[in-house]
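Me: Hi! I have a new model open and would like to chat through it. Could you help me out?

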Amino acid sequence: MKREPMVRFISTRIVAGFLGLALLFPSAAGFAADPGSDSERAILAKYTSIRDKLEKNQFGAPIYLESTDSEGRVRVDMYGVVPHPFEQAREALQSPASWCDITSLHLNIKACTFKTSTRPQQVTLYSGRKYYQPPSDAFPLKFTFTVLSQTPRWLDVRLEAEEGPFRTKDHRIALQASPLGPGSTLLHFSYTYSQGTMARLAINSYFSTLGHGKVGFSEVTEKGGEQHLVEGVRGAVERNTMRYYLALQTYLDTLKYPESQRFEQRISRWYDLTARYPKQLKENDKSSYLAAKRMEHNRQVELQNKLGN
């Protein structure tokens with residue numbers, strides 16, 4: 001098979017799943033503060049500067065996004081406010097097991113497993129297609145999982161992977177959280193990675209074929225003054241940012257249910273929340289999503305049982 005058809009084949013079959021993984025976390029454009037009071041002051045200062053945009057925006061929810069795609073580096077910023085006490089969010093989001101419950105709601109994540117017996121701890125995401133797929137057919141991206149800092153008013157979590165699919169490198173995911181009041185928490189995600197020539201060829205081929213017409217949430221203005229919703233890699237970043245924000249919201253919202261009911265509550269609620277944004281997030285019908293997630297959840301439990309914790 002010649003090089004060009006091979007790149008196109010790889011693109012259409014795999015890149016969509018990779019984008020669901022590599023652009024997976026509502027990311028922040030490299031905001032990196034040191035643990036402690038300075039970090040809290042910095043994130044609260046950012047909140048003050050974007051408060052108006054959090055209150056009125058295209059999402060109809062307290063979310064703010066910034067994304068870039070430049071010189072082989074893909075980066076996205078997300079700030080969001082969730083109506084849950086910081087203590088609850090801090091407790092939930094410092095656990096690798098919780099991150100697996102959150103990330104596996106995404107339609108491209110076929111399974112998530114974790115190891116807490118290692119130092120640092122590990123989280124593996126299996127990224128695949130938007131329909132049911134066994135983890136053995138998906139791409140495993142292995143992250144180290146580290147809680148850099150946690151205090152009564154601060155949480156800083158990092159996930160790092162040196163290598164990813166298509167020779168991408170330096171995958172860096174970060175989450176910072178701080179209380180805004182008795183019943184609300186400010187979240188800040190960041191995600192960056194580097195892409196080489198192979199990744200750019202494959203991803204560009206995908207967006208010229210299967211990914212053509214897919215858009216994000218931000219409006220971009222062309223030189224002639226024409227406005228349209230962002231497309232390409234930035235659009236994919238923004239779509240997945242929203243998917244993961246809604247997964248986080250869903251996870252925290254469903255902690256009130258008995259543990260035996262949470263999984264079914266989560267997959268149903270996550271789908272309903274994403275359905276509010278059909279132009280960006282509509283991929284399949286609810287019954288197909290629920291059926292796939294039930295099967296994938298069973299495979300995830302099997303994998304985790306083999307690993308232990």
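**The disulfide and the cavity**

Reply: Happy to! The torsion about the S-S bond of Cys 100 and Cys 112 is about -65°, so this disulfide (a pair of cysteine sulfur atoms within 2.5 Å) is left-handed. This is a predicted model, where local features need pLDDT of at least 70, side-chain atom pairs count only at pLDDT 80 or more, and totals for chains, interfaces and linings use all residues. Residues are numbered from 1 along each chain as its sequence is written, and side-chain values use heavy atoms, leaving out hydrogens and water.

Me: Which parts does the pair Cys 100 and Cys 112 tie together?

Reply: Cys 100 sits in helix α4 (residues 96–103) and Cys 112 in strand β3 (residues 109–115), so the link joins parts 12 residues apart in sequence. Helices (H or I, at least four residues) and strands (E, at least two) are DSSP runs, numbered from the N terminus.

Me: How far apart are the sulfur atoms of Cys 100 and Cys 112?

Reply: They are 2.1 Å apart.

Me: And are Cys 100 and Cys 112 buried or exposed?

Reply: Both Cys 100 and Cys 112 are buried, meaning under 20% relative accessible area with a 1.4 Å probe, protein chains only.

Me: New topic: what volume does the largest cavity have?

Reply: About 90 Å³. A cavity is a set of points on a 1 Å grid over the protein atoms alone where a 1.4 Å probe fits but cannot get out, and the volume is the space filled by probe spheres set on the points.

Me: Which helix gives the largest share of its lining?

Reply: Helix α7 (residues 259–274), with 3 residues. Lining residues have an atom within 4 Å of a point, and among them are Trp 270 and Tyr 271.

How values were computed
1 Å grid on protein atoms, 1.4 Å probe; cavity = no way out; pocket = protein on both sides within 12 Å on 5 of 7 lines; lining within 4 Å. Buried < 20%, exposed > 50% of the residue type's maximum accessible area, 1.4 Å probe, protein only.
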